[in-house]
Amino acid sequence: MEENNKSAGAEETFIERQEDDEETDPESNPLRIPLLKRNRTLSSNPLAMVGAKVSHIESLDYEINENDLFKHDWRSRSKVQVLQYIFFKWLLAFFVGLLTGLIASLINLAVENIAGYKLLAVVKYIDQERYLMGFIYLAGANLFLTLVAAVLCVCFAPTAAGPGIPEIKAYLNGIDTPNMFGATTLIVKIIGSIGAVAAGLDLGKEGPLVHIGTCIASLLGQGGSGNYRLKWRWLRYFNNDRDRRDLITCGSSAGVCAAFRAPVGGVLFALEEVATWWRSALLWRTFFSTAVVVVVLRAFIEYCKSGNCGLFGKGGLIMFDVSGVSVRYHAVDLIPVAVIGVIGGILGSLYNHVLHQVLKVYNVINKKGKLHKLLLSLSVSIFTSVCMYGLPFLAKCRPCDSSILGSSCPTTGGTGNFKQFNCPKGYYNDLATLLLTTNDDAVRSIFSINTPTEFQIFSLIIYFALYCILGLITFGIAVPSGLFLPIILMGAAYGRILGVAMGTYTDIDQGLYAVLGAASLMAGSMRMTVSLCVIFLELTNNLLLLPITMLVLLIAKTVGDCFNPSIYEIILELKELPFLDAKPEPWMRNITVGELVDAKPAVITLNGIEKVGRIVEILRNSTHNGFPVVDTVTVPQVVSSPNETAELHGLVLRAHLMLVLKKKYFLQERRRIEESEVRDKFTSIDLAETWGNIEEVALTNDEMEMYVDLHPLTNTTPFTVIESMSVAKALVLFRQVGLRHLLILPKFQPARASPVVGILTRQDLRSQNILSAFPHLEKAKESKKRH
């Protein structure tokens, strides 16, 4: 339901120019000259993909609604209540970190044990040379785990499919994503992540953990889900979109911290990648949440080191520690480092492009129904099992290197760098070491330091090619999935390949080349720099890598930006979520907001004291979420008699009109009501609730003839701009302030004319919607590219 109040001058046509001017560059068009005649009205699409479900999209009310009830509630708060509000903000941030850390620990525990015991059973069959039974067991277990995850996502919570990060970005940008943060989504995300990761699919739990953190934050902020919400008095302070936005930002940073055990990286990820709006107070609370997550994870890891957690517990707080090698590099080493950055940028943009095409195909398949979604997920699982089990037979057995200290070779358990697989005693299979293991252990193996002869370049090439294919076909199926770990594995593979190729020409360890390759591919695909740099430092515990890591990230991002947007921006576009970018298009500076509202139907205004019947008629015949409230005032004249003119009183929301109709606070006569009368009938808590649809309202004929005083419910300070403002400037204001409605005022208001020209919403400011209404701009852009 997108709010589309429009301009009263929709019938006016634009001034037509001569045919020879049609190719004029719109960037050279001065503001005072109107654009060419439009072909159609400004349109919008209220539907978008949320997870794997098509949903009706609305915007969020991040703007403070300064009506009489809000002002009284704000004035009446005592110092104790203000301190309570601040205290509970920090308390909720604490619980977000605590619960996210606990759930992340449980997910890690479950994944390591399920996958570990599954692999131990497979190894047992291999030791007995019962290779067919080993494959049947592996494929059957993976198929069952994938089926559990897919059935939960398809049948119970379609919004739990995928990583969830694009939808979180959209929410923090001001887009309401229905059912994205509910209790059912949270439960399915947890169980589905365990099943999908333990099934050996080429996906990670990092993206789902970010989504899990935001679900926890949202549920805490609103006191629960649906009809089971707590009605505690102090929770009323957080029953608004602004405070829920801050909590979800804390949840996203806590999720990244839980995934990578990187507290500072989690804060920077929220700042750089997902958050649209930021301030210093929010920085402190997100850092506090990530600190709590780290404490919980550290306590859990220390507890598990005593052997109380089954196969989990041998690792430390640092996930992929490479601090055991000295980092020595010279000026000549910067050349292969730069090459890694260039390759990462090219491969990252190529990966984004191909994945975009694959997701388009998957969308066509998924639209055919639930059965097709399940079959697609199970087909990917079977293909993955075949490759993981069959490809190691192509690798040659290598003799164990006795010079490598502190490692057992060969290993026959679920972990270890030198897996025996089908090799005789004293030999190991390097490709099985990478494939017949969990993704986390595969990263540890490929990041391993002081092992220059562990992997053959042939095995690394097979592994890289396989994970490129798996990474493309796995993301997009109906299971919770993350992009971080697949990209890390692909990047680490080609980084190690380059390290092997360099041989003795460099002093940098092959494991560090793998780290740089992973960083470069992530920067080339996701286009992050600062947060990725800190995350990799916290992942690897090697501060000496900082200079060359920064260089690799900058090069990879720069190269990737030359070809296409980041992977999350591509997914946002594919899902048709109306995300507003920070940077407006250059041609937007030569279109005025007045010209935009001219391309829309007439704006619908309400009187300060309005008839109930007209309110009901407007709500039934429109989908708008905001209506300007206009009063008629008398202006005294010095010579002639007083004149009546229209005055803009403010903006009233659809939800508040529904509140009045549901509570039936009507007047028998047209009059203004006192502020005390309103406070007796409504509270500030009522203004934050949703009140259903207009179809649920039943009114008698007598009630339809009554009146409603809208003044106490009207936001008297809406954001307004003059009609001559450029669209580029309006877009920046709209995004930075977090608006839902932007009122357009006339530059000059004649007597008895409407004081508002129209309303712009986020759909009206999207470049594709503007270009559809003004095709001349698209033609001029193409003409400029050709020349």
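Predicted model: local features only at pLDDT ≥ 70, side-chain atom pairs only at ≥ 80, totals over all residues.
User: How many helices and strands does the protein have, and what percentage of its residues count as buried?

Analyst: Helices (H or I, at least four residues) and strands (E, at least two) are DSSP runs, numbered from the N terminus. The protein has 28 helices and 14 strands. Buried means under 20% relative accessible area, exposed over 50%, and partly exposed in between (1.4 Å probe, protein chains only). Of the 787 residues, 57% count as buried. Among contacts with a separation of 6 or more, 79% come from residues 24 or more positions apart.

User: Which residues of helix α19 are buried, and which helices do they pack against?

Analyst: In α19, residues 567-574, the buried residues are Ile567, Tyr568, Ile570, Ile571 and Leu572. Their packing partners are α4 (165-173), α8 (263-274), α10 (334-366), α15 (484-502) and α16 (510-526). After α19 comes Glu576, with a positive phi near 60°.

User: Where is Ser349 placed, and which residues does Ser349 touch?

Analyst: Ser349 belongs to helix α10. With a relative accessibility of 5%, Ser349 counts as buried. Leaving aside residues up to four places away in sequence, Ser349 touches Gly524, Arg527, Gly560, Phe563 and Asn564.

User: At what angle do α10 and α11 pack, and how far apart are their axes?

Analyst: Two packed helices are described by the angle between their axes and the distance between the axes. Axes are lines fitted to C-alpha atoms, for helices over the stretch in contact, and angles run from 0 to 180 degrees between N-to-C directions. Helix α11 (residues 370-390) packs with α10 at about 135°, their axes 8 Å apart. The two are therefore oblique to each other; angles under 35 degrees count as roughly parallel, over 145 as roughly antiparallel, 65 to 115 as roughly perpendicular, and the rest as oblique. Tyr362, Ile365 and Asn366 of α10 make the contact with His372, Lys373, Leu376 and Val380 of α11.

User: How many salt bridges does a search of the whole structure find?

Analyst: A salt bridge is a side-chain nitrogen of Lys or Arg within 4 Å of a carboxyl oxygen of Asp or Glu. The search finds 21. In one of them, the side chains of Glu167 and Lys575 meet at 3.2 Å, N to O. Glu167 in helix α4 and Lys575 in the loop between α19 and α20 (593-598) are distant parts of the chain, 408 residues apart. Both count as buried, Glu167 at 2% relative accessibility and Lys575 at 14%.

User: Which residue forms a salt bridge with Asp246, and which with Glu705?

Analyst: Asp246 meets Arg279, also at 3.2 Å from N to O. Asp246 lies in helix α7 (residues 241-260) and Arg279 in the loop between α8 and α9 (280-308), so the pair ties together parts 33 residues apart in sequence. Asp246 is buried at 5% relative accessible area, whereas Arg279 is partly exposed at 26%. Glu705 pairs with Lys611, the closest N and O atoms being 2.8 Å apart. That pair links the loop between α25 (701-704) and β11 (707-709), which holds Glu705, to Lys611 in strand β8 (residues 609-611), 94 residues apart. Both residues are partly exposed, Glu705 at 47% and Lys611 at 31%. Salt bridges that share partners also join Glu58, Asp61 and Arg740 into one network.

User: Which residues form the nonpolar patch on the surface?

Analyst: Patches are made of residues with over 30% relative accessible area and no salt bridge; like charges are joined within 9 Å, and nonpolar side chains (Val, Leu, Ile, Met, Phe, Trp, Tyr) within 5 Å. Val82, Leu83, Ile86, Trp90 and Trp284 form the patch, with about 520 Å² of accessible area together. Helix α2 (residues 79-127) supplies the largest share, 4 residues. Trp90 is found in α2 and is partly exposed at 33% relative accessible area.

How values were computed
Residues numbered from 1 in each chain as written. Heavy atoms only, no water. Contact = heavy atoms within 4.5 Å. Areas by Shrake-Rupley, 256 points an atom, 1.4 Å probe, with all protein chains shown as cover.
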